[in-house]
Structures are given as structure tokens and as C-alpha cells.
Amino acid sequence: YNSGWLLIDLGDFAEAERRFDRAREIVEASHGPESPRMVWVLLGLGTVRDFQGEYALAVATHEQALEIAKVALGPEHPMVASCETGIGAALIRMGDLEESREALQRALTLTEQAYGVEHENTGRTLRSLGEVYYELGDHDAAEVYLERAQVIFASSGADYLRLGAQVVMGRNLSDQGAHDEAIELLSAALEEGEVALPEHPDLIIWQIDLGNALLEAGRSEEATEEFEAAIERAERQNVTEYQAYLEGLAKLATARARAGDAGSAFATAVRAEELSIDRARLLTASLPERQALRVAEERPDSTGLLMTLAEAGDDSARTTAAWDGVIRSRAVVLDELAFRQRLAAAGDLEDELVAEYAAASRRLANLLVHSLSGGDSTRFQNLVASATKRREAAEKKLAEASLEFRRHEAGVEVDLAG
């Protein structure tokens, strides 16, 4: 199973899952289903499922590992904390923040007991808790946990982790209206990160965070510069498929509008909305329904800005484009979920083709949903390129076999004139 963890680092999640499944069979046959070794195997399997976007299954797998660990190793063993952390991480991505907080609180207690209050592992759990409290809107609690994490990371020399915690601190301060302090923290983190990790994809997110703080502080021209730099960075690293790139475009459109550049703002907002809809269409068609709806709900939405800019002028083409964006935006989720049902029920399709297309689409969608955080941009670029080719090949075979599928693909774009 050690090779499974290596494959996770390499991004080959499908092969890692096969290795862990095989390891589970071996451990169960040689040591029994409740062996301490099974905990490590199930932790790996749960982690793979988390990376693949199967969050509910990841939680169930980590919970199975947790029950074995409590009996085989004792309720205060560090592996129990690792299981709780895995549960908490997957629950964050499912949007179950209260349950995530509870799991991470339990993990923190065990981590502090096992490693001490100043250990780096404790700092990691503190940072995760800080992020959960930030998402919950409890800014005071978030600040307490993030400050503790920063102190630990600073003393241990974990600069990347320290900077990441500092960025979340900046977001937290900006949300509370402390814009100047937030800008100072975010600027310092970005500046240090550009020296230590010049090509790290997290810098895209950090630069967008800085732009957001500047925008909220009313410094629209400076915000525009940061958003433009973040977009250029994403394009240079070829990670434009990710949510951060779309958020950067949407924010850039807003910044340009506030700076008085309505024409450029409208063009940027149209581009952001088109790319966002295309990405939402892929994700809603490929992911489990609950996750698909959540992803669609959280996608950057520029339709409000489009309508505001259209109503402010007398350009009929701009008004038409704005309404087109609104209609397509509102239809995308229902359209794709309905097509999923038609696809499954289509009588002229072979089950094998449907399964192949669904698997290829799901793999690409999971890669695109996966956070840039901690990622290797070159590795993710190659993974996305490979997954895209596999999906295109499956799509071609399915289109050749299905009249229903061809009709859907031909009618994806809304024709307002018709």
C-alpha cells in the first residue's frame, strides 16, 4: 500500500485506488479485516476517493478506518486523529461545515495529546479549523486558530504553510472590514511567495485574494492590476480550467466596471460567464447530483453585472448578450441533469459506451473540481490534458452510436433568434 500513497502524490488516483483495493484484500486475508494495518490502507483509500470527488464515499471509508483504529489502536492513538482529519476534510468539500468542525476539533485534541501543542501536525489541524470557522462566518474563532497555526509554522520553518495561514487571515480581516490590515498581510504573503515559490499555482489564488481586498477598500485600479496579473499567471501556467481563473475573470470585470471602463468590463464579464457556463455544464453532467448542484451554485456568476452594464447604455447588442447570458446561466443545471436522465434511459445506446463516457467525464470533472492548493501545475496540466483526450474519444464513440446524444450536442447553444 505504500505504492498507493506514492501514486496519490503522482496524481494517478485510479491506479492508487486499485493498489489500495488490492492491499485491502491482502491485509484482510493475512491479518484480518480489523487489523491495525487495515487502518492505513483505508486511510489511503479514503484519501483517493476524496481526491476523485467521491466525498460521501471518502467519509464512509475514513469512518470505517476510524472504528477499526479505536478498537485496534486505542481511542487516543494518532491514527485516530488522522481518521478524524480525513473525515473533516471531506466534509468541508461536501459543505457540511458543522460536522467538519466537530471532526477537526476531535482531531485537534488527539493531535495535541500525541504530538504536543507546538507540533507541525497540530498546526495543520489548527489551520483547517481556522478555515472552517472562516467559512462558518465566525471570524473571531478563525483568527484564534489561524494565529496559533502561524506561530507553529514560523517556529518549525514551514514557510509555505505559514503563508497559507496568513492568506486566510487576510481574507478573514477583509470580510470584517479591516481592509488596510488585510491588504498588508496579503501583499506580504504574495511578495514572499513569489520569491520562494514563483510558479506555485496557489499564488493565483493569493493574488485574487489581494485584488478582492483592494476592491472592497475602494481601490479599483489597483485591484484591476492584481486581477490582471492573476489571470496572466493562470494562463502562463495553463490552469485556466480551474475555478480560480473564472473567479479572477469575474472579479476583473467588476473592478473594471468600478474603475469606469464599462466596455472592457462588459467584454470581460461575457467571457467569464461563457467559460463559467461551459465548466458548469461539464461538471453538472458528470458529478453526483448533490455535488453537481453545489458546484453550480458556487460558480462565479457575472449575469448581475452584465444586466447592470446593459441597462446603463443604449447598446441593443449588449442587452441581447446580457439576456443570453442570463438564460443560459439559469438553464444549465436543469438542462444537464435532465439530459443525464435521458442519456441513461436512451434505448439506442450500449451500456458499455455510456459507462465509458460517464467515467471519462467524471475523471475530468474531478480534476477540475480539485483545488489548485498544494498542486503541481505541470502535473495537473498533463492530467487534465490526458483526461480531456479520453473524454473526447468516449464522446466521439457515443455520438456515433446515439442520435439522442448528437441532437443534444447540436442544441447546446441557445439560439435566441429562433
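How many of the 418 residues of the protein chain count as buried? The answer is 49%, where buried means under 20% relative accessible area, exposed means over 50%, and partly exposed lies in between (1.4 Å probe, protein chains only). What you see is a predicted model, in which local features need pLDDT of at least 70 and side-chain atom pairs count only at pLDDT 80 or more, while totals for chains, interfaces and linings use all residues. Residues are numbered from 1 along each chain as its sequence is written, and side-chain values use heavy atoms, with hydrogens and water left out.

Let us start with the overall picture. The protein chain has 20 helices and 0 strands; helices (H or I, at least four residues) and strands (E, at least two) are DSSP runs, numbered from the N terminus. Contacts, meaning heavy atoms within 4.5 Å, tell us how the chain meets itself. Among the contacts in the protein chain with a separation of 6 or more, 65% are between residues 24 or more positions apart.

Now let us follow a few helices as they pack. Two packed helices are described by the angle between their axes and the distance between the axes. Axes are lines fitted to C-alpha atoms, for helices over the stretch in contact, and angles run from 0 to 180 degrees between N-to-C directions. Angles under 35 degrees count as roughly parallel, over 145 as roughly antiparallel, 65 to 115 as roughly perpendicular and the rest as oblique.

Our tour begins with helix 9 (residues 159-175) and helix 10 (residues 179-196). Helix 9 and helix 10 pack at an angle of about 155°, with their axes 8 Å apart. That makes helix 9 roughly antiparallel to helix 10. Their crossing is left-handed, a word used if the near helix is turned anticlockwise from the far one by less than a right angle, with right-handed used if clockwise. On the side of helix 9, the contact includes R162, L163 and Q166, and on the side of helix 10 it includes H179, E181 and A182. Sorted by class, the residues of this contact of helix 9 with helix 10 are 9 nonpolar, 5 polar and 3 charged. Here Ala, Val, Leu, Ile, Met, Phe, Trp, Tyr, Cys and Pro count as nonpolar, Asp, Glu, Lys and Arg as charged, and the others, Gly among them, as polar.

Is S174 buried or exposed? With 10% relative accessibility, S174 counts as buried. Leaving aside residues up to four places away in sequence, S174 touches H179, A182, A213 and E216.

The axes of helix 10 and helix 11 come within 9 Å and cross at roughly 155°. Helix 10 and helix 11 are therefore roughly antiparallel to each other, and their crossing is left-handed. Among the residues that meet here are I183, L186 and L190 in helix 10 and W206, Q207 and L210 in helix 11. The contact of helix 10 with helix 11 divides into 9 nonpolar, 4 polar and 3 charged residues.

Helix 11 passes helix 13 in a left-handed crossing. The contact is made by I204, I205, I208, N212 and L215 of helix 11 and A244, G248, K251, T254, A255 and R258 of helix 13. By class, this contact of helix 11 with helix 13 has 6 nonpolar, 3 polar and 2 charged residues.

Stay with helix 11 a moment to find D202. D202 counts as buried, at 4% relative accessibility. The side chains of D202 and Y160 are joined by a polar contact of 2.3 Å. A polar contact is a pair of N or O atoms within 3.5 Å; within protein, one must be able to donate a hydrogen and the other to accept it, and residues adjacent in sequence count only if both atoms are side-chain atoms. The C-alpha atoms of D202 and A244 are 9.4 Å apart, although 42 residues separate them along the chain.

Our last stops are in other helices. E226 lies in helix 12 (residues 220-236) and counts as buried at 18% relative accessibility. A polar contact of 2.8 Å joins the side chains of E226 and Q207. R18, in helix 2 (residues 13-31), is exposed, with a relative accessible area of 51%.
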